[in-house]
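Please keep the sequence and the coordinates in view while reading.

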Amino acid sequence: MGLTDFQRFYGKVREYYDFDTWRLIDVVADGDIVFSTSQVRVAGRDTMMHIAERFLFSGTTLVEVRVFICDATGHQRNG
C-alpha cells in the first residue's frame, strides 16, 4: 500500500476518463466536510459519468474521501 499503489490506481483512472471533458458542477462545504459534484465523459465511449465526492477534513488534514458515481442511465456505484 502507499504511494506506489496510488500511482498505479491513478494511472488506470486517467485511462478511464476523458479529462478534456471534465466539468466541475458545484462545491459546497459544511464545517469539516466538503462535497464536490462533477461530470466527465468515459474515454472512448459516448457515456457521461456524474461524480460526487465527499471530503472529510480534520483541521488542515484530509482524513477521508468517498466517491459516488452514476452513469447516464442512472446506475449508482459507490467507490
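**Salt bridges**

In this predicted model, the side chains of Glu64 and Arg54 form a salt bridge with an N to O distance of 2.9 Å; the term stands for a side-chain nitrogen of Lys or Arg within 4 Å of a carboxyl oxygen of Asp or Glu. Glu64 belongs to strand 4 (residues 61-71) and Arg54 to strand 3 (residues 48-58), so the pair ties together parts that are ten residues apart in sequence. Strands here are DSSP runs of E with at least two residues, numbered from the N terminus.

Glu64 also pairs with Arg66, and in this salt bridge the closest N and O atoms lie 3.3 Å apart. Through shared partners, the salt bridges join Arg54, Glu64 and Arg66 into one network. Glu64 is partly exposed at a relative accessible area of 27%, and Arg66 is partly exposed at 41%. Buried means under 20% relative accessible area, exposed over 50%, and partly exposed in between, with a 1.4 Å probe and protein chains only.

Arg41 and Asp46 form another salt bridge, with 2.8 Å between the closest N and O atoms. Arg41 is partly exposed, at 26% relative accessible area, whereas Asp46 is exposed, at 70%. By the rule given above, the count is three salt bridges.

Residues are numbered from 1 along each chain as its sequence is written, and side-chain values use heavy atoms, leaving out hydrogens and water. Because the model is predicted, local features need pLDDT of at least 70 and side-chain atom pairs count only at pLDDT 80 or more, while totals for chains, interfaces and linings use all residues.

Key. Helix = DSSP H or I, 4+ residues; strand = E, 2+ residues; numbered from the N terminus.
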